[in-house]
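Reader: I am new to this structure and would be grateful for a close look at a single part of it. Please take me through the salt bridges with some care.

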Amino acid sequence: MPVQRDEVMPIRSSEDVVRVRQMVRQWAVTLGFSLVDQTKIVTAASELARNTLGYGGGGEVQLEIVQKGIRSGLRLTFIDQGPGILDIELALKDGYTTGGGLGLGLSGAKRLSNEFEIFSRPGEGTRVSITRWK
Amino acid sequence: MTINSQSYFPELLKQYEQELLTDWLNNQLSTATRRTGLLKEAELREQSRQLMNSLRNAVQHGSLTDTNTPEWLPVRELLANISNTRAQQGFNPAETATFVLSLKKPLLTRLRKELEKQPDLLAEDIWTTNLLLDQLGLYTVEVYQKSREDVIARQQQELLELSTPVVQLWENILALPLIGTLDSARTQVVMENLLQKIVDTGASIAIIDITGVPTVDTLVAQHLLKTVAAARLMGADCIISGIRPQIAQTIVHLGVDLSAVTTKATLAAAFAIALQRTGATFTRANK
Ligand SMILES: Nc1ncnc2c1ncn2[C@@H]1O[C@H](COP(=O)(O)OP(=O)(O)OP(=O)(O)O)[C@@H](O)[C@H]1O
Ligand SMILES: [Mg+2]
């Protein structure tokens, strides 16, 4: 899957989360995403960025424009070196939260994306990658 | 013996401060680049006088090659001040630097005249003057740059901040139009404001309008749900308005359950419902 353009942004503060959303929105607009698709990927990005900040102790996101045949898409990969997730299946359950949230961010981000991958090892960190196709 | 005994420059400033200032001002006031609208003549005169004076003092005992030494502090402070004001007044960096750099001409002209018979010292002093003023010019640009960055950072911060007046729309009806992002700690304050206002006014309905909130994610949803629950405990019902179609779809995918809350697409629709519920009736006046 060829990558056309990519960029890395830090996620160290809640201002960074806002900036990530703005950048994702900008890229989605550039790619010609519909308003609904823009909103979906931006919202998913917001969830994952906030998890990276809140649970992962900060990290970064890589934005990529990817190509599959004639379709282009936006792939976002959130990486942190935090405590990791012990039970991924549990973390993905609606309503499961260890931080007093709604427990819908991770599962919601999955539902808002076309592709969803998560790698996490306790003590090593977490990497979540989502893709939304145009 | 002072450290500057090799140079005539300090003596020049001491002896001809007044003349140099006059020449410099005449040059500045006559140049085409002067922006009369941005800077009053009196202000320019005063700034020039102050710089001339602090420059004169600095070179008496300070280094002629390094403007970072303590003797130069008053000059640097003065220039920083002038740069900051000019950045705010809308001057560009080149114009800001020109203020200092334009002092070269009167200085060099006067040096040439005074040191006519000492070409070696003249060459040396021309060099010194150039370097010195270049340093000061660069310094003004640095300060200018920094000042612009501060302005930009402040504007960005303001954009991120939520702006939120609670308004009374009608007897018993309050509205909170949220505009901005709900990430910051201020969100809590804003929501608490609404609750306080409910207490103060005895309102029975509060409309929270999220038309101006670009992204509604689980954090925003949680803030809204908590506020609605707290308002309910205080005897007020909330209506959430400004749920655009794309937001509605996204909320459903996220799995957030807003079914216990009355939601409306527009503030107007929410207001109509609120009026109905508070028992107000409206009829169109027929002429
Ligand atoms: N990057 C991460 N590192 C470590 N743990 C994480 C990470 N992301 C998620 N988790 C764990 O998974 C749980 C579920 O995450 P999810 O985003 O679904 O819910 P939440 O963040 O608790 O609440 P919200 O609904 O506000 O997002 C979290 O409570 C946390 O324990
Ligand atoms: Mg979350």
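Is B:Asp134 buried, partly exposed or exposed, and what is its relative accessible area?

Author: B:Asp134 is partly exposed, with a relative accessible area of 33%; in this scheme buried means under 20% relative accessible area, exposed means over 50%, and partly exposed lies in between, with a 1.4 Å probe and protein chains only. This is a predicted model, in which local features need pLDDT of at least 70, side-chain atom pairs count only at pLDDT 80 or more, and totals for chains, interfaces and linings use all residues. Residues are numbered from 1 along each chain as its sequence is written, chains are lettered from A and ligands numbered from 1 in the order in which they are written, and side-chain values use heavy atoms, with hydrogens and water left out.

B:Asp134 takes part in a salt bridge with B:Lys104, and their closest N and O atoms are 2.7 Å apart. The term denotes a side-chain nitrogen of Lys or Arg within 4 Å of a carboxyl oxygen of Asp or Glu. This pair links distant parts of the chain, since B:Asp134 belongs to helix 6 (residues 119–160) of chain B and B:Lys104 to helix 5 (residues 104–114) of chain B, 30 residues apart. Helices here are DSSP runs of H or I with at least four residues, and strands are runs of E with at least two, numbered from the N terminus. B:Lys104, at 17% relative accessibility, counts as buried.

In general, side chains of opposite charge can pair when their charged atoms come close. Over all chains, the whole structure contains 13 salt bridges. Another of them joins B:Glu17 to B:Arg56, with 3.3 Å between the closest N and O atoms. B:Glu17 lies in helix 1 (residues 9–30) of chain B and B:Arg56 in helix 2 (residues 41–61) of chain B, so this pair ties together parts that are 39 residues apart in sequence. B:Glu17 counts as buried at 13% relative accessibility, whereas B:Arg56 counts as partly exposed at 24%.

A further salt bridge is formed by the side chains of B:Arg49 and B:Glu46, at 2.9 Å from N to O. Both residues lie in helix 2 of chain B, three residues apart, which is about one turn of the helix. B:Arg49 is partly exposed at 39% relative accessibility, and B:Glu46 is likewise partly exposed, at 34%.
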